[in-house]
Amino acid sequence: MLVAASADDALISIGSGNATSAGWHHNAELWTHLRIDGPTIPTLVEDLAAWLRRLPDRLWMEPLGAQRLHRVADLLTTRPSRPEPDEPWLITNDQVPIMDQLPLPDHPVDRLGVASPFFDPPADALTTLITRLRPDSLDVLLTRDAQLDSGRFERALDRVGTVQIAQPRTSRYHHGKALEWWSGPAGVLVTGSANCTRAALLRSMDDDRGNCELALLQEIAESVVDLVDAEEKDLDDLVLRDPDRKTDPTPAIRVLTAQILTDPDRIEITILVTAGTAPDHLLIDVAGETHTAIHAANDDAIHTYRLDHSPGTLSRSVTVRDDSGAALGAALVTDVHSALARVRHPSPLEQQSLPELLGSEEQM
């Protein structure tokens with residue numbers, strides 16, 4: 001989700017692209033962009049603001065993150081709310097699984113379309129969709145390197161009479177997620193962050209194994225899945241990723257942030273401790289020198305460590321070690337004052353060309 005908001009205008013984008021070079025540049029992604037510039041806001045915006053306000057109570061989040069979410073929610077709701085005809089419906093899973101919120105018809109649908117780069121190994125999410133929608137035909141768009149168990153996936157497909165599997169002709173990784181179903185000319189589309197997996201569709205955030213997801217549901221007259229230039233394939237011909245491959249265990253301590261703060265001047269490091277005890281202090285490696293950050297506060301599993309003096313010029317990232325000297329990870333350094341000031345000031349591009357800006361160490 002991306003939001004650019006003021007008291008009387010907002011641009012809201014909800015989709016599949018992570019804030020990475022792949023998600024914003026290289027992958028094929030799917031986004032819905034909403035411009036909210038009238039005297040009122042649709043119900044969707046009010047629901048989104050309510051979700052933003054709930055998130056800090058549902059996720060491990062440092063204070064700055066919670067403050068910014070609340071500030072954006074406040075900006076989104078300065079105008080009165082009024083339902084608009086045909087506006088998309090916001091779906092979140094912080095309280096109820098997405099699958100249980102879908103307005104599924106009480107009759108079999110003509111067609112079900114699914115695009116997802118990830119499927120849970122037993123194909124439970126896909127099987128549940130097929131069971132509840134009872135489609136006459138099923139179209140599945142699979143990117144190269146899609147993650148699924150082909151044997152169990154194929155058994156789920158056997159529940160439908162007519163099945164077509166297609167793969168985009170481009171070599172670009174298709175990370176977009178879409179569910180759509182059709183009854184005659186009327187279609188329903190679900191887009192957002194949710195893959196076709198148990199963690200995304202069948203579980204809520206109350207379940208320890210449930211994801212945090214955000215989706216939009218809207219009526220459509222044209223298929224989104226069909227817009228992709230794809231060719232029909234047999235499942236045996238596709239290069240797939242093993243969903244049961246071993247992954248590295250989640251570390252008990254993770255470095256979240258390194259922040260430069262003012263009033264008073266200090267550097268704060270936050271870590272997330274999910275097992276064991278928090279270190280007595282942290283060792284911060286900056287420009288070849290080691291500095292000690294003392295434990296200052298904790299909020300549940302998030303612990304804050306403080307360095308009360310500036311170590312001089314900070315690099316773009318710092319290496320963080322625990323009190324025994326074991327490396328915990330690295331963190332990008334954020335100048336909080338400058339970042340928040342930038343929210344309230346015009347872009348430097350209004351006074352400088354891009355080459356001048358990129359050549360300015362102060363602006364960089």
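Guide: Asp 145 lies in the loop that joins strand 6, residues 137-141, to strand 7, residues 146-147. The model in view is a predicted one. In this model the phi angle of Asp 145 is near 65°, a positive value in a residue that is not glycine. As a general rule, most residues other than glycine have a negative phi.

Gln 167 belongs to strand 8, which covers residues 162-168. Leaving out residues up to four places away in sequence, Gln 167 touches Leu 141, Leu 142, Thr 143 and Arg 144, among others. The contacts of Gln 167 also include Ala 230, Glu 231, Lys 233 and Leu 238. The relative accessibility of Gln 167 is 13%, and because this is under 20%, Gln 167 counts as buried.

Two helices may be considered next. Helix 4 runs over residues 124-133 and helix 5 over residues 150-157; their axes come within 9 Å and cross at roughly 5°. An angle under 35 degrees counts as roughly parallel, so helix 4 and helix 5 are described in that way. On the side of helix 4, the contact is made by Leu 126, Thr 127 and Ile 130. Helix 5 contributes Phe 153, Ala 156 and Leu 157. Sorted by class, the residues of this contact are five nonpolar and one polar, with no charged residue.

Asp 300 is found in the loop between strand 17, residues 289-299, and strand 18, residues 302-307. Although Asp 300 is not a glycine, its phi is positive, at about 60°. The relative accessible area of Asp 300 is 60%, and Asp 300 is therefore exposed.

A loop can also hold a buried residue. Pro 97 lies in the loop between strand 4, residues 89-92, and strand 5, residues 111-115, and with a relative accessible area of 14% it is buried. Setting aside neighbours within four places in sequence, Pro 97 is in contact with Leu 201, Leu 202, Arg 203 and Ser 204. Between Pro 97 and Asp 280 there are 40 Å in space from C-alpha to C-alpha, and the two are 183 residues apart in sequence.

The second largest pocket has a space of about 360 Å³. Its lining consists of Met 1, Val 3, Ala 19, Leu 52, Gly 65, Arg 68, Leu 69 and Val 72. Helix 3, residues 63-76, supplies the largest share of this lining, with four residues. By class, the lining of the pocket holds six nonpolar residues, one polar and one charged.

The protein chain has eight helices and 20 strands, and its C-alpha trace spans about 70 × 50 × 40 Å along the principal axes. Of its 364 residues, 44% are buried.

Definitions and conventions: Residues numbered from 1 in each chain as written. Predicted model: local features only at pLDDT ≥ 70, side-chain atom pairs only at ≥ 80, totals over all residues. Heavy atoms only, no water. 1 Å grid on protein atoms, 1.4 Å probe; cavity = no way out; pocket = protein on both sides within 12 Å on 5 of 7 lines; lining within 4 Å. Points joined across faces, edges and corners; volume = space filled by probe spheres on them. Nonpolar A, V, L, I, M, F, W, Y, C, P; charged D, E, K, R; others polar. Axes fitted to C-alpha atoms, helices over the stretch in contact; angles between N-to-C directions. Parallel < 35°, antiparallel > 145°, perpendicular 65-115°, else oblique. Contact = heavy atoms within 4.5 Å. Buried < 20%, exposed > 50% of the residue type's maximum accessible area, 1.4 Å probe, protein only.
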